[in-house]
Amino acid sequence: MSRSVLSLSAVAAAVSLVAGILAVPAAWAVDPTRMVDAFEATNGKFEGFRRSGAKGICATGEFTGSAQGRALSVASAFSGKPVPVIVRFSVGGANPNAPDNGKGQRNLALQFDLPGGEVWQMGNINAPIFGAATPEQLLGRVESLRPDPATRAADPAKVKAFADANPEVLMQGKYFASQPVPASYASVNYWGVHGFGFTNDKGQTQYGKWIFEPVGGVQGLTDEEAKAKGPQFLFDDLRQRVKAGGVAFNFMLELAQPSDTINKATVPLPEGRQKVNLGVLRITAVSADATGPCVGITYNPMILPKGVVPTDDPMLAGRAAPYAVSLGRRLGEGAKQ
């Protein structure tokens, strides 16, 4: 199939997805086009690139589920047989030239290609909380940060007013500021931030929130080390570590208790909740820059396998439509990494 035909079919799929989503207006109080427009106006528009997590790299690997995973869920990902995974590591933000040596968001996006054509997609970040509790709150935050065309800077009064009324939007930034610069894509924790339910063969569902924890441990850089690394080191570092066979993550699930808030991405589970290891993700290859199988994938966390169910977290449900709008624009522009 030619690249142009592939792009057209992907655009059609994106449009179809948006149409289906918008047919249920009660669930989508925020216009996804307005959301993507706001991201472009505030963070800049870089044609062909993702509107968030623009600077990234494709990789591939495999996931092998554990007996603990099989006990919790009938999902085929936990069969114990290796399943292929399409991976994307990235730096947060819309700038494809964002520096690697700054504090801030790192992303681990995954697509599990399961037996029978089933797919499981997810996005994970290096913080236990998201930057907004609802799509409305996210849109308000992004629009409050929009630069004035004359000054090319956000209006401090608008920024303060929105943050004062919505203090949750500052929590993630404070978390990143408290953490060191990650030494590698391979040496930082990645949280799913949303709650999901895992259903076993008896029909019992256990809710929780997951974390991908590096098998080799978490490693950060001092300010001096980060400066010495420079703004472009994460891709080469990842390639070196994968070549040495040292990039793997434990897929850990924190088990929620009945009293826990499980449907709010700005509220982590209380410390000390029991964790179970659902299996091991191993990264086995890294694509050349600007290429690879992840380029056209949106990593929509509502694409789930049998045996895993979403919560009614509005921010979780609110991702799909803007992702589709963004993908349609990227493909029309000529999708880049």
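# Close-up views

**View 1. W120 and F251 are both buried.** Here buried stands for a relative accessible area under 20%, exposed for over 50%, and partly exposed for what lies in between, taken with a 1.4 Å probe and protein chains only. The model is predicted, so local features are given where pLDDT is at least 70 and side-chain atom pairs only at pLDDT 80 or more, while totals for chains, interfaces and linings use all residues. Residues are numbered from 1 along each chain as its sequence is written, and side-chain values use heavy atoms, with hydrogens and water left out.

**View 2. W120 has two aromatic partners, W210 and F251.** The structure holds 17 aromatic pairs, a pair being two rings of Phe, Tyr or Trp (its six-membered ring) with centres within 6.5 Å, called stacked if the planes are under 30 degrees apart, edge-to-face if over 60 and tilted otherwise. In one of these pairs, the ring centres of W120 and W210 are 5.9 Å apart and the planes meet at 80°, so the arrangement is edge-to-face. This pair links distant parts of the chain, since W120 belongs to strand β4 (residues 119-125) and W210 to strand β8 (residues 205-214), 90 residues apart; strands (E, at least two residues) are DSSP runs, numbered from the N terminus. W120 has a relative accessibility of 0% and therefore counts as buried, and W210, at 1%, counts as buried too. W120 also forms a tilted pair with F251, with 6.0 Å from centre to centre and 50° between the planes. Because W120 lies in strand β4 and F251 in strand β10 (residues 248-255), the pair ties together parts that are 131 residues apart in sequence. Ring pairs join F63, F78, F112, W120, F196, F198, W210, F212 and F251 into a cluster.

**View 3. C58 and C294 form a disulfide.** A disulfide is a covalent bond between the sulfur atoms of two cysteines, assigned here to a pair of cysteine sulfur atoms within 2.5 Å. A search of the whole structure finds 1 disulfide, and the sulfur atoms of C58 and C294 are 1.9 Å apart. The torsion about their S-S bond is about -90°, so the disulfide is left-handed. Because C58 lies in strand β1 (residues 55-65) and C294 in the loop between β11 (275-286) and β12 (308-310), the pair ties together parts that are 236 residues apart in sequence. Both C58 and C294 are buried.

**View 4. A290 and Y299 each have a positive phi without being glycine.** The phi of A290 is about 70°, and the residue has its place in the loop between β11 and β12. With a relative accessible area of 55%, A290 is exposed. Y299, whose phi is near 55°, lies in the loop between β11 and β12 as well, but at 4% relative accessibility Y299 counts as buried.

**View 5. G44, K45, F46, F49, R50, R51 and A94 line the largest cavity.** A cavity is a set of points on a 1 Å grid over the protein atoms alone where a 1.4 Å probe fits but cannot get out, and lining residues have an atom within 4 Å of a point. The search of the whole structure finds 1 cavity of 30 Å³ or more, and about 30 Å³ of space lies in the largest cavity, a volume being the space filled by probe spheres set on the points. The lining has 3 nonpolar, 1 polar and 3 charged residues; Ala, Val, Leu, Ile, Met, Phe, Trp, Tyr, Cys and Pro count as nonpolar, Asp, Glu, Lys and Arg as charged, and the others, Gly among them, as polar. G44, one of the lining residues, is 51 residues from N95 in sequence and 7.4 Å from N95 in space, C-alpha to C-alpha. N95 is found in the loop between β2 (83-91) and β3 (106-113) and is partly exposed, with a relative accessible area of 29%.

**View 6. R319 lies over the face of F130.** R319 is 4.5 Å from the centre of the F130 ring; a charge sits over a ring if NZ of Lys or CZ of Arg is within 6 Å of the ring centre and within 35 degrees of the ring normal.

Conventions
Helices (H or I, at least four residues) and strands (E, at least two) are DSSP runs, numbered from the N terminus. On a 1 Å grid over the protein atoms alone, a cavity is a set of points where a 1.4 Å probe fits but cannot get out, and a pocket is an open set with protein on both sides within 12 Å along at least five of seven lines; lining residues have an atom within 4 Å of a point.
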